[in-house]
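Subject: A structure for you to look through

Dear colleague,

I am passing on a structure that I would like you to read alongside the notes below. Please keep the sequence and the 3D view open while you go through them.

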Amino acid sequence: MSAAPHNPTFEITTLAVPLMFPVSLTSGILFTLVGDLLHRQIEGETWATGLLTLANTTGGVLGSVLGGFVLLPALGMEASLHWLAGGYAIAAAFAFAGGARAATKRGTGLLAVSAATLALVFVLFPRGLLE
């Protein structure tokens, strides 16, 4: 009986999904929460949308440069991902503290679920596989 054929796509996917999915999901949720917070603080949907887009684009540009030329060379891939996840957690905490649904039961529940998910991701992170 022969061994199963080698499938690099499956191997890459099984490594990439646990690494990228939580960050992508958190980023999308945080983007929505910050947009809601801006809309509540700034009169006019156009200004709120414009500022959110400006911040997102600036973050994308600076994040690429800082990630590629500062974080990766200084910390390596795994530690960089941990620092980025921590940054998202801090940004989310500021968004909630600033009033993004913090006063509602739903907001409190979402905060609890988000914190539990972040803790679970840190515990289940596939350490050492990036070396």
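Among contacts (heavy atoms within 4.5 Å) between residues at least 6 apart in sequence, 65% join residues at least 24 apart. Please bear in mind that this is a predicted model, in which local features need pLDDT of at least 70 and side-chain atom pairs count only at pLDDT 80 or more, while totals for chains, interfaces and linings use all residues. Residues are numbered from 1 along each chain as its sequence is written, and side-chain values use heavy atoms, with hydrogens and water left out.

The protein has four helices and zero strands, where helices (H or I, at least four residues) and strands (E, at least two) are DSSP runs numbered from the N terminus. Of its 131 residues, 15% count as buried, a term that means under 20% relative accessible area, with exposed meaning over 50% and partly exposed in between (1.4 Å probe, protein chains only).

Helix H2 covers residues 45-75, and although it has 31 residues, its end C-alpha atoms are only 39 Å apart, short of the 45 Å that a straight helix would reach (the expected span is 1.5 Å times one less than the number of residues). A kink of about 45 degrees is centred on Gly67 in H2, the bend at a residue being the angle between axes fitted to the seven residues ending there and the seven starting there. Gly67 is also buried, as are Ala48 and Leu52 of H2, and the buried residues of this helix pack against helix H1 (8-41). Just after H2, Gly76 takes a positive phi of about 90 degrees.

Which side chains meet in a salt bridge? They are those of Arg40 and Asp36, at 3.0 Å from N to O, where a salt bridge is a side-chain nitrogen of Lys or Arg within 4 Å of a carboxyl oxygen of Asp or Glu. Because Arg40 and Asp36 are four residues apart in helix H1, they are separated by about one helical turn. Arg40 counts as partly exposed, at 47% relative accessibility.

Finally, Ser114 lies in helix H4 (residues 105-124) and is partly exposed, with a relative accessible area of 31%. Ser114 and Ala89 are 25 residues apart in sequence, and their C-alpha atoms are 8.8 Å apart in space.
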